[in-house]
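Colleague: I would like to learn how to read a few side-chain features in a model. Can we take them one by one?

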Amino acid sequence: MYVLTLQGIGLLMIAELIKRTLIMVMIYMTFDIDKEMMGENIANSAISLAESINKEEGFISKVWIHNLEKGKRGGVYIFDTLENAKAYASMHALRVANVGGTNIEFAFFDINVPLSKINHG
């Protein structure tokens with residue numbers, strides 16, 4: 001019985017590891033904001049924000065995006081679970097609104113991890 005319990009724990013750990021390597025969630029988020037809060041200006045002033053994002057629960061990575069012509073900024077975020085992604089998006093939408101962002105939109109997508117790994121994703 002003791003050996004079965006250890007094996008059961010091992011199987012649960014393996015199942016969780018497989019789940020984490022096969023399931024990830026992407027947030028695609030955009031918002032309108034003053035052009036002065038884009039490009040080099042934001043790159044120089046948002047270092048502490050970027051560092052704080054690294055500490056969010058389940059956070060894996062972010063690509064910062066902007067379109068100066070359209071006055072849009074945002075990001076592509078990768079999280080380990082939909083729950084963590086939704087929690088972050090809710091919090092960040094409020095933060096963006098507090099600095100003047102409008103028309104905040106985000107969408108959640110499941111990531112096909114095996115195919116993405118082939119393409120260095």
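Colleague: Which helix holds His92?

Modeller: His92 lies in helix H4. Keep in mind that this is a predicted model.

Colleague: Is His92 buried or exposed?

Modeller: Buried means under 20% relative accessible area. His92 has 5% relative accessibility, so His92 counts as buried.

Colleague: Which residues does His92 touch, leaving out those up to four places away in sequence?

Modeller: His92 touches Met29 and Tyr77.

Colleague: Now the largest pocket. Which residues lie nearest its centre?

Modeller: Ile42, Leu49, Arg73, His92 and Val99 do. The lining has 14 residues in total. The volume of the largest pocket is about 150 Å³.

Colleague: Which elements each supply at least two residues of that lining?

Modeller: Strand E2 (59-67), strand E3 (72-79) and helix H4 (82-98).

Colleague: How do the lining residues of the largest pocket divide by type?

Modeller: There are 9 nonpolar, 2 polar and 3 charged residues in the lining.

Colleague: On to the rings. How many aromatic pairs does a search of the whole structure find?

Modeller: The search finds 4 aromatic pairs. One of them joins Phe59 and Phe79. To read a pair, check the angle between the planes: over 60 degrees counts as edge-to-face. Phe59 and Phe79 have 75° between the planes and 5.7 Å centre to centre, and the pair is edge-to-face.

Colleague: Which parts does the pair of Phe59 and Phe79 tie together?

Modeller: Phe59 lies in strand E2 and Phe79 in strand E3, so the pair links parts that are 20 residues apart in sequence. Phe59 is buried at 16% relative accessibility. Phe79 is buried too, with a relative accessible area of 0%.

Colleague: Why is the pair of Phe106 and Phe108 edge-to-face?

Modeller: Because the planes of Phe106 and Phe108 are at 80°. Their ring centres are 5.5 Å apart. Phe106 is partly exposed, at 36% relative accessible area. Phe108 is also partly exposed, at 27% relative accessibility.

Colleague: Which residues form one aromatic cluster?

Modeller: Phe59, Tyr77, Phe79 and Tyr88 form one cluster.

Terms used: Residues numbered from 1 in each chain as written. Predicted model: local features only at pLDDT ≥ 70, side-chain atom pairs only at ≥ 80, totals over all residues. Heavy atoms only, no water. 1 Å grid on protein atoms, 1.4 Å probe; cavity = no way out; pocket = protein on both sides within 12 Å on 5 of 7 lines; lining within 4 Å. Points joined across faces, edges and corners; volume = space filled by probe spheres on them. Helix = DSSP H or I, 4+ residues; strand = E, 2+ residues; numbered from the N terminus. Nonpolar A, V, L, I, M, F, W, Y, C, P; charged D, E, K, R; others polar. Phe/Tyr/Trp six-rings, centres within 6.5 Å; stacked < 30°, edge-to-face > 60°. Buried < 20%, exposed > 50% of the residue type's maximum accessible area, 1.4 Å probe, protein only. Contact = heavy atoms within 4.5 Å.
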